Every structure is written in structure tokens, then in C-alpha cells.
Amino acid sequence: MTTKAFGLLLAVICSALVSLAAGGHWLGPEAIWHALVMPEADNIDDLLIRGTRASRTLIALVAGASLAVAGGLIQTVTGNPLASPGILGINAGALLALVAGAGLLSLPLAGSGYVAALLGAGLTCGLVWLIAMQGAGRAGPLRLVLAGAALAALFNAISQALLVVDQQGLDAILVWMAGSVAGHSLTGVWPMLVGAVVVMALGVPFLRHLNVLSAGEQTARTVGARVRGLQAIALLATALLAGNAVAMAGSIAFVGLIVPHLARRLLGSDHRCWLPGAAALGAMLLLWGDIVARLVIAPREVPVGVAMTLIGVPFFIGLIRMTGRPHG
Amino acid sequence: MGDMTIRLAGYSRRIAWRPWRLAGLSLLTCVVIALVSLACGRVWLPPGEWLAGLKRGEGAIWLIVTQLRLPRVVLAAEVGGALALSGWILQQVLRNPLASPDTLGLSGGASAAVVAYLALAAGQGGAWVRPVAAIAGALLVVASVYALALRGGRVTPYRLILIGVGMGALAGAVVTLMLIVGRAELASSAYVWLVGSVYGANRADAVTLGGLLALVLLFGVPLIRYALLAPLDDALAAGIGVSVPASRLALIGVASLLAGLAIAWGGAMAFVGLFAPHLARRWVAVSGSAQALAAVAIGASVVMSADLVGRTLFLPLDLPAGIFVAAVGAPFFIGLLIRETRTS
Amino acid sequence: MTSIRADELTLGYGRKTVVEGLTLDVPDGATTVIIGGNGSGKSTLLLALGRLLVPSRGRVLLAGADIQRSPTREIARRLALLPQQPRTPEAMTVRQLVALGRHPYQSWLAQWSQRDERMVERAMQRADVADLADRVVDTLSGGQRQRVWIALAVAQDTPLLLLDEPISFLDPAHQLDVLDLLRTLNRETRKTVVMVLHDLNLAARYGDHIIGMRDGRIVAEGTPETVMTADNVRAIFDLVCRIVPDPCVGTPMCVPVGRAL
């Protein structure tokens, strides 16, 4: 197990370094070292790294890890392999906030986008929870998922209506919908980074309880787990992590759907193993998606969500085909 | 009780009264919505007036109703009903309440094919190309999902779902890529199709889709009873003489054809396929053909009402029905969820 | 006739072999009970007899024909199989579920013939679930559900009945009800019954023919009196016991002493 953990960590670090080096203009190890340790204000390489590549590398790392963990949590809570953070309405809420902000209030997507999207994601999530919780806290996982799906559909519909009527913002919104980790300054990344790290750190003590939860509600209750409380905590963490990531990197919840499956198949079913593993795999998937995204049709860029999906899906399908599953 | 048994030479059925009554009610709603749709539009035609106009067989009213509104209403009903039935079958076969035509990558495949056609051929080559591309794309993706999920001559619902979701995402990525890399005007023209609409439907559209759907149903309706058996254990189903792999393949085939046809003419409004069957399940509690019929009626009603809202509420704009499918369906669905929790 | 036999059967899942080279003749018109410890291969054997598991070697012969080569519907009219703890489908009524037992006799046109109706009503009465006919199955208790499954198998109206632990989850009274029902079916209509049971004493009381399995092989086979000896029980279960006559019916009864070391 430790070897696997070290291997993953090493792979993430290497991927991050490649991400710093890769682009229209390739940079060597010295240049990266130079830029990270003793940057000079007038060195072009340093500016390139600190100005664009460092921030997008960080965003890819954090967003990938956050979404993967969020997806793992929601799959455990609902017990449904089809669940992803999108099912809580996070993406739809963020999209609606962006579209409404850009279309109705003429807010610029670049500056206020993160806050608007975070707000939209959070509010939608809360609304889903409220709907599912109607009636003395009997929110079963299925009800939650259905409420989320319905609300997501509703909000997407409103966004679509706004977009069809006013096609001016369509291009920028399409780019956001496809996911993008570029175009943020290094200082703009800090709130997101700190938020994700804090939520993940606070969540570590709950990992072992998730194992109990995944054994089914009744079993969990009989061994003394407080199921509703755990579900609420897991959902809150899901909403925070995914909302945070989506607000920064766009609508790329797909990481949250497939990476947990990859992680479980590679690392077994113990949440203490696979959930951190999912974080590493998610970060790596998004990093490589971004690296490919800026290389394939350079100097233009493919949306990171697209590149990541094109890379991730063949892996995913191959893994599902290779490993069996005792029941199903 | 109130059950009824029908026995004619060689034909026999047991009809449970309650589910069929509920299914009948949803059909009735469907008919009422269709009549209202025919009456509403840029010009309001009270039922008496358009009935009279129809009898006359000519004139402006006759033209508006039969040439403009009727094909559109019929097409909307066909698209909604087919997607709903497809979703209902898939939810049974995949044993997952979240399954819908999206789950097996159907909408994704159709969208990718249509957008590719719009990008490469810029919409040339006749009216038939787009539907054909959509169906071909949908079936290609489903076939590859099935082939990839196949292991030792069998597929399990679980593997089908995961691989379907993966392939759907792949198709979605291809669509996004084409929209962003492609020409500027592609995005807006494709977007309307992707949202789903029954714009400018003419009689040929309605008749062609209706005919093709009827053809699929000819094979599909006898298979409904296998859809009822699908949630059973594989062992138990095999024990009563069902060939599980064959029935699963046949049902997925029927569901794919239904959804593929609907998407080809109505665009990717897959939400109908997710939630119309759910409404039907909650409305007609007992699983059976009555429930499937209710799903069809609900799906048709939703798309018809969505189209009605889209073309009347925002005059002079004519908005795509796909937008309002969720706007009409979701609040209803959420209301149902809330009410159900209160009573249980 | 319906005689079923296994010929040099080797069974397994993937690469793991569970049963190897097993030959078995199920006596016609009798109640055969398979006993054995957990993982001894008894359920696997039952699945293979019910054509649900394809043997890696050997054949199962139903009335002389290879069961894997016969049409599955035809087999379903001769052989009913009740698996262990089937998943309960949502939103089906008891009557709907029991009526599924008539599936092998139905076509798209004829889905509720008089015979179907008669067999379903009778099966529900016999399994004591007639009162529940219009209830939805997933609202029933575990024991009620088990009786619904048995009614389904009975409605299938086959000369051969295979049941995997049909009385787990039942209270003692209903356990006896089910076993009595199976015995009645066996005696009145000469149905051949093959079942896996965990309760040795009920096995001895209700079985005409007992098969004791261990590690995928048949260790002992014969009448309850010949199979239920202290030596055999020890060989099958590693259990030390004393055999005394059942005070009610005189069949051998096993009183456990402890685990053999």
C-alpha cells in the first residue's frame, strides 16, 4: 500500500512538473527551478511560468482532486455508481449564476465569475437539500438524487433559454461549460486552493466512517453510525469541494464520475485508501488533460474538459473491461 | 379487487383495473393538452371554431390547424412518448432509477453525429440527412457500448451503465470540441438542435416518425413483458424460461431505436426520458404495461406542453421546446417529491 | 419421464473449481435433500442441475437430453428452480409475481388462460399467500416473501422442483408448512423435489433420499437412516454428534456434541 501511495504521489509531482514545462514554448528543469526559487521580474521564462503556467497547474491539481473526492463522496452517500457532483445541481447552479450574471447584470465573466459561480453552486446545493429534506429529515439518497436531477434540469433549462434568446455570451459560456483552467492570475488561485485544502483536511477524520456508510444504511445504524449526520457532512463536503472547483475551472464534473471508479478498482474499497487515491488520480487526469489541451492544436487550445474526457474515457473503459465485479 | 379477465379464442389477459384506470387518466390528460395546443397559438381558435373549420375542409382555419399546428403537436407527442418509453424500458433493464436514454450514450452519439454533419456538410444534402445521421450516431454508440460491456457472452447492467456513461461523455466531448474549434455560426445553429425542438414540423415529418415508431413498437410491444421481468434475478428469470442475454439485448435494441428516432426529429431533450418514467412509476404504483403506457402519455404531454409554452408565452419569439421540457417537468416533479415525503 | 442425472460434472466459477467429477442420479418421484457445510458446493450443484451454471466438463441430463442443449422454455415447463434469496423487484404485486411462474406456458397473445388462473390461485393458496395477492411484494416481511417465491415455483407446475434453502428466514411453524407443502406436492402429484437444507433433522424427517456433500464431492448418499450416522455427520460437517430417533416420527435425529478437532 505504501508503495502505491508513494508511486501516486511521485506521479502527481512529475505530472505537475511536466505541466510547468509544457506548452508552445518548452522550458527545461533549470528554468522551472529558477522561476520557482529565485524569480526575476524581467526574465521572460519566469514570467511565463509564474504568470500563466503555475496558476493553471495549481488549478488543475486542486480542481481535479476536489472533483474526484466530491464524486467519490456522492457515490458513497447515494450508493449509486451513476452519481456525480453534477447530480447535486452544482454545475447547473454555477452555470445559471454565470449566465444570469453575464446576461442580465452584464458582469464580466473573467473577474466576478468565480464568486458568481460559487454562489450559484452553493445556493442550488442548499435548495436540493431542502427539497430532499422535506418531511422530518427522511431524505433517502434516492430522493436527494432525484431532487438534484430535477433542479439541475430546471436550472439548465433557464440557462439555455437565456442563451438562446441572447446568444452574445454564448461563446464565452461554451468555453466555461467545456472547462478551462487558464486565464487566472496566481493570486486569484489562493482562495480556491485554501478552501479545498481546508475542507479536505477537516474531512480526514471522517474517512473511516464512510466505510461503515457504504455497507448500507441499516448495517451502518446497527454498528452505531449516525447515518443522517454522516450523509449531511459528506454532502456538505461534496458541495464545497465541487462548487469551489467548478467555479474556478468550469463545468468538468466528469472527473467526479469516473475517477472514483478508477480509484476503487485500483486501490480496493477502503475509503481511507481509495479516496486519497482518487484525489491523486483526479489531479493527474486534469493535469494531463490540460497539458494535452494546450499542445494538440497549438497555438490554439482545446478545452481542458474535452481533452481530459478524451484521455480518461479509454482508460476507464479498459479498466472496467479488465476487472470483473463479483456482483452486478 | 376490480380485476377483469378477458378471454377470447387464443387471446387472454388479466387486466388489473386500478393501474389501467390511472393510465387512462394520463392518456386523457394527454388528449386534453393536444386539443388545447391545437387551439392556442399566434391566433386563438376556440375549439368550436376550429372544429367547424375542420369540417369545412378548407379556409384559413383549416390551413392553420392541419398544416401548421397539427403536425407540430403530433411530432411533439411522438418525440415525448418515444423518449419516455425508452427511458422506462432502460430503467427496468438497467435496474437503475437514474437510467435514461442518456445513460447508454444515445443522446451523446446522436448529437455528435448531427454536429459533425452540420460542421462538415454545413447542413447540405436534403432534409433526410440530419435524422439519418442522428439515428446512425445513436445506434453506433449503443452498439459499441454493448460490445465493450460484453464479457463471456454476457453483459451486466452495471457494466453497461458505466461504459455507457463513459461513451456518452466521450461523445459529449467531441461535440464540445467541434463547437469550439468549428466555425462561429456552427455553435448557434447546432445549439438550437442540441436543446431540442419541434420547430417547423410538417406533415411529412410527423407521418415518417409516426410510421417508423409504429414499426419499432410492432416488435417492442410484445417485448414489454420481458421488461417487467428484467428487474428479477438473472437466475430466477432463467428459471422460468427467459433467455436473459437475448431479452436484455432485444430490450436495449428497442429502447435505442425509440430514443434514436425521437432524438433524430426532436433533438436531445433526454430529460423526458429520465423523469416521465419516474412520474409514471409514482402515478401507477404497480409495475406493468399500464405503467409503460402512462409513461408514454406523460412524456407526450410534457413535450406538447413545453412546445405550447415555447411558442405562445414569449410571442413573437418561438423558443425551442427542449428548454421548457425541464421548465414544465421539473417543478411538477419536485412538487411530487415534496408531497410524497409529507404523506409518507 | 423427467429423471434428472449428472454425469461426470465439473463446476466452477472462473478458474476456481468447486465441484469435480460428480455423478449423481436423482431418484424419480422422491424428495432428495442435499446437505453439507458452507462452501461444500451444494448450491453450485443445484444451479447446474437447473441449467443456470454451464459445466466446464460433464453434462446434466434431463430425461436423457443434455440440459444445456435444450430450449430454456421447454426446460422451464419441466423444472422449476428457486434460487437462494432472490432480489425483490420493486412495485410488483404478489399475484403478478406468482403469475410469472406461468411464463413458460404463455405467449404474447395468451397471457392469462383459465389454466394459468387456476394454477396461480392454487399455488397462492398452497403457499398461504392468497390473502396477500394484491399487496406489493417489497412491503412484505421476509417470511411472507419467501412463501411468495415458493408459490411462484409451484405455479410453474413442473414435475421437478429445485429449491435452494427454501426455509431460511421462516419461523418454525412456516418452515414446517413449506416442507409439508412440498411433501404433499411430492406425494399427491409425484413431483420430484430436490432441495438444499441446513437443518439436518428436518432433512432427515422430510427427505426420502439424502446426499451429503463436502468439498465438491458426494460423501454419503442414501436413505436418511443410512446417511445420518455419527460417522457420516462427522465426515460431512466435522461435527461430533449422537444420533437418536426423532420422538415424533422415528427418523434419525442428530444431537450435536461439539466440533471435531
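## A hairpin in chain C

Let's start with β9(C) and β10(C), which make a hairpin with two residues between them. In the turn sits D215(C), with a positive phi of about 50°. Keep in mind that this is a predicted model.

If you want a spot to look at, find I211(C): its bridge partner in β10(C) is E221(C).

## An open sheet, also in chain C

Chain C also has an open sheet of four strands, and going across it you meet β2, β1, β4 and β5, in that order, with antiparallel pairing. Strands β2 (16–25) and β5 (65–66) of chain C are at the edges with a single partner strand each, so one side of each has no neighbour in the sheet.

Which strand does β1(C) pair with over six bridges? That is β2(C), in the antiparallel sense, with β1 of chain C covering residues 4–13. Within this pairing, G12(C) stands opposite T17(C) of β2(C).

There is a helix here too. Helix α1 of chain C, residues 42–49, lies across β1, β2 and β4 (57–62) of chain C. Relative to β1(C), α1(C) runs at about 120°.

## Where chain B meets chain C

Now for the contacts between chains. Chain B brings 31 residues to its contact with chain C, and chain C brings 38 residues. Together, chain B and chain C bury about 2900 Å², with 57% of that on carbon and sulfur atoms.

How many salt bridges are there between chain B and chain C? The count is one salt bridge. R7(B) and E117(C) form a salt bridge, and their closest N and O atoms are 2.7 Å apart. Polar contacts between chain B and chain C come to 11 residue pairs, both residues at pLDDT 80 or more. On the side of chain B that touches chain C, at least two residues come from each of β1 (3–8), β2 (11–16), α9 (224–229) and α10 (234–239) of chain B. Sorted by class, that side of chain B has 16 nonpolar, eight polar and seven charged residues.

## Where chain A meets chain B

Over at the other interface, 50 residues of chain A are in contact with 53 residues of chain B. The buried area between chain A and chain B is about 4500 Å², and carbon and sulfur atoms give 77% of it. Three residues, L82(A), L146(A) and R321(A), supply 14% of the area that chain A buries against chain B, more than any other three residues.

Helices α6 (141–165), α7 (170–178), α12 (254–267) and α14 (304–322) of chain A each give at least two residues to the side that touches chain B. The largest share of that side, 16 residues, comes from α6(A). By class, the side of chain A facing chain B divides into 34 nonpolar, nine polar and seven charged residues.

## Salt bridges across the whole structure

Side chains of opposite charge can pair when their charged atoms come close. Over all chains, the structure has 24 salt bridges. One of them joins R72(B) and D318(B), with the closest N and O atoms 3.1 Å apart. R72(B) is in helix α3 (residues 59–93) of chain B, while D318(B) is in the loop between α13 (289–312) and α14 (321–343) of chain B, so this pair ties together parts 246 residues apart in sequence.

Notes: Residues are numbered from 1 along each chain as its sequence is written. Chains are lettered from A and ligands numbered from 1 in the order in which they are written. This is a predicted model: local features need pLDDT of at least 70, side-chain atom pairs count only at pLDDT 80 or more; totals for chains, interfaces and linings use all residues. Side-chain values use heavy atoms; hydrogens and water are left out. Two strands pair if DSSP finds at least two bridges between them. Contact means heavy atoms within 4.5 Å. Axes are lines fitted to C-alpha atoms, for helices over the stretch in contact, and angles run from 0 to 180 degrees between N-to-C directions. Buried area is the accessible area (1.4 Å probe) that two parts lose on being put together, summed over both. A salt bridge is a side-chain nitrogen of Lys or Arg within 4 Å of a carboxyl oxygen of Asp or Glu. A polar contact is a pair of N or O atoms within 3.5 Å; within protein, one must be able to donate a hydrogen and the other to accept it, and residues adjacent in sequence count only if both atoms are side-chain atoms. Ala, Val, Leu, Ile, Met, Phe, Trp, Tyr, Cys and Pro count as nonpolar, Asp, Glu, Lys and Arg as charged, and the others, Gly among them, as polar.
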